[in-house]
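Q: I am new to this structure and would like to learn how to read its features. Could we go through them one by one?

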Amino acid sequence: MEFINSIIQFVMDLGGSVFLPIMITILGLIFGIKFFDSLKSGLRIGIGFIGINTILSLLINGLDPVVNHYVGTGAGFVITDIGWEGVASIAWSTKFALIIVPLGMILNYILIRVRFTKTMDVDIWNYFHFILGSAVAYYVALGAGLSDTVATVIGIVFGLLTFMAVLKFADIIAPKWQQYYGLEGTTCCNNDAYLTWLINWLVCKLMNLIPGVKNVRIDLKWINDKLGSFGETSIITFFVGILLCVLTGQDLGTTLTVSVTLCAAIILLPRMVSLLMEGLVPISNAARKFFQKHLGDEYEINIGMDEALCLGDQPGLECAVIMIPITVAVAFLPGVGVFPLAALGSLAYTTCMCSLYAEGDILKIIVSSTANMIYCLYAYTFMSPLVTEMALKVGYITSASTLVTGDSIQEWNCMLVGILGKLFKAW
């Protein structure tokens with residue numbers, strides 16, 4: 001087992017942009033695609049992910065002057081936002097974390113064979129979402145006084161049950177996902193997406209019941225019709241960047257740099273998503289044929305992927321910039337103890353996901369995204385003592401003098417266990 005874990009750890013250390021091309025190439029061969037065609041698909045996906053991460057880094061770095069201004073106004077916050085990267089690192093450091101990877105892969109295959117699911121989750125890099133829930137369950141069980149062996153079993157079982165639930169969620173969301181984003185043959189297997197979409201769905205349903213609001217629709221077509229060339233995506237983004245810089249007192253040079261950088265990120269992100277799709281479409285088609293051959297012509301298969309595929313949504317990307325000052329304002333609500341430093345860099349994911357049930361309606365995207373951020377910041381604050389305890393036990397931090405928290409800890413599986421643990425005073 002130690003040898004297997006060392007191999008898995010080596011692959012995971014390569015990162016998703018290297019790991020996914022390897023997995024896609026192998027899957028292509030299994031599904032009957034020639035080696036170099038499989039390799040081409042894998043490389044397209046790797047290039048797409050590297051491009052997305054590079055552009056998001058460009059976006060985050062470009063916003064530094066604006067974010068630093070807001071950080072200064074949030075000097076009284078007592079909880080440090082370590083982002084999803086820090087939380088993922090804590091989850092992967094749990095002693096049984098890597099066992100869940102092969103178990104999850106085997107379970108996914110079995111569940112497809114017995115037709116429990118139509119989703120094949122190839123995004124193994126993001127298994128950390130299930131592992132995080134496992135880690136939370138493990139430490140809460142220990143806090144409740146259970147033995148290490150029992151807590152380990154609880155953690156592993158809970159992680160696999162979460163995985164099964166996400167596969168069913170992926171089946172349910174697939175038609176809407178494919179229709180709105182144009183991502184035929186795929187679905188989303190990121191666990192954090194489903195609570196976001198639930199809030200998005202509830203907000204849009206509620207807004208459709210409010211007189212005077214339900215008939216309002218502000219989408220890119222409406223903006224272009226009303227504003228002409230001024231309503232073009234890059235131009236709107238440029239002026240939003242100028243507004244952000246004026247509000248935060250930036251000089252002319254910084255203002256122009258930030259504004260052009262925002263434009264570049266918003267325009268280039270969809271291009272990277274198209275590269276991902278170039279690699280995914282052949283694999284998706286081959287997978288469908290493979291399973292139809294082995295399980296029957298009526299059987300369909302969807303390739304489960306990262307929510308990053310939705311970053312090609314233009315209305316969502318435009319709203320990401322608008323959400324920066326709104327998210328900062330939310331951080332000053334009573335009871336919020338964390339300044340969303342890392343969360344600001346992930347806003348594009350939230351707004352593009354909230355475009356799903358808003359169907360490109362700018363107003364609904366912003367309201368849904370705001371509701372999501374309110375929930376997330378309170379969840380980050382609530383779970384921070386538990387995250388800090390976990391970080392201490394795996395050696396991520398050496399002192400609990402400052403509480404830590406971050407994105408992904410607000411997911412339904414983590415919150416479910418966290419609330420139960422709190423009720424039974426396990427932490």
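Q: Where is W92 found, and is W92 buried or exposed?
A: This is a predicted model, and W92 is found in its helix α5. To place a residue, look at its relative accessible area: under 20% is called buried. W92 is buried because its relative accessible area is 16%.

Q: Where is the place of I397, and is I397 buried or exposed?
A: I397 sits in the loop between α15 and β5 (403-405). With a relative accessible area of 16%, I397 is buried. Its C-alpha atom and that of I90 are separated by 9.8 Å, although I397 and I90 are 307 residues apart along the chain.

Q: How many salt bridges does a search of the whole structure find?
A: The idea is to look for a side-chain nitrogen of Lys or Arg within 4 Å of a carboxyl oxygen of Asp or Glu. The search finds four salt bridges. One of them joins the side chains of R44 and E278, at 2.9 Å from N to O. This pair links distant parts of the chain, with R44 in helix α3 and E278 in helix α12 (residues 252-295), 234 residues apart. R44 counts as partly exposed, at 27% relative accessibility. E278 is partly exposed too, its relative accessible area being 43%.

Q: Which residue forms a salt bridge with K176?
A: The partner of K176 is E359, and the closest N and O atoms are 2.7 Å apart. E359 has a relative accessible area of 38%, so it is partly exposed.

Q: Where do E389 and K393 lie?
A: Both lie in helix α15, four residues apart, which is about one turn of the helix. E389 is partly exposed, with a relative accessible area of 25%, and K393 is partly exposed at 47% relative accessibility.

Q: Which residues form a nonpolar patch on the surface?
A: For a patch, one looks for nonpolar side chains that lie within 5 Å and have over 30% relative accessible area. L416, I419, L420, L423 and F424 form such a patch, with about 530 Å² of accessible area together. L420 lies in helix α16 (residues 412-423). Its relative accessible area is 41%, so L420 counts as partly exposed.

Q: How much space lies in the largest pocket?
A: Rolling a probe the size of a water molecule over the atoms shows where empty space is left. In this structure, the largest pocket holds about 800 Å³ of space. It is lined by 40 residues, and the closest to its centre are W84, E85, E307, S346 and Y349. Elements that give two or more residues to this lining include α2 (16-30), α5 (83-92) and α7 (128-143). The most comes from α3, with five residues. By class, the lining of the largest pocket has 18 nonpolar, 16 polar and six charged residues.

Q: How many cavities of 30 Å³ or more does the search find?
A: A cavity differs from a pocket in that the probe fits but cannot get out. The search of the whole structure finds two cavities of 30 Å³ or more. The largest cavity has about 100 Å³ of space. Of its 14 lining residues, L59, L63, A320, L344 and A348 are the closest to its centre. α13 gives the most to this lining, with four residues. The lining of the largest cavity has 12 nonpolar, two polar and no charged residues.

Q: Which element gives the most to the lining of the second largest cavity?
A: That element is α9, with four residues. The second largest cavity has about 40 Å³ of space. Its lining residues divide into four nonpolar, three polar and two charged, and among them are D192, N372 and E411.

Note on methods. Residues are numbered from 1 along each chain as its sequence is written. This is a predicted model: local features need pLDDT of at least 70, side-chain atom pairs count only at pLDDT 80 or more; totals for chains, interfaces and linings use all residues. Side-chain values use heavy atoms; hydrogens and water are left out. On a 1 Å grid over the protein atoms alone, a cavity is a set of points where a 1.4 Å probe fits but cannot get out, and a pocket is an open set with protein on both sides within 12 Å along at least five of seven lines; lining residues have an atom within 4 Å of a point. Grid points are joined across faces, edges and corners, and a volume is the space filled by probe spheres set on the points. Ala, Val, Leu, Ile, Met, Phe, Trp, Tyr, Cys and Pro count as nonpolar, Asp, Glu, Lys and Arg as charged, and the others, Gly among them, as polar. Patches are made of residues with over 30% relative accessible area and no salt bridge: like charges are joined within 9 Å, nonpolar side chains (Val, Leu, Ile, Met, Phe, Trp, Tyr) within 5 Å. Accessible areas come from the Shrake-Rupley method with a 1.4 Å probe; for residues, only the protein chains shown count as cover. Buried means under 20% relative accessible area, exposed over 50%, partly exposed in between (1.4 Å probe, protein chains only).
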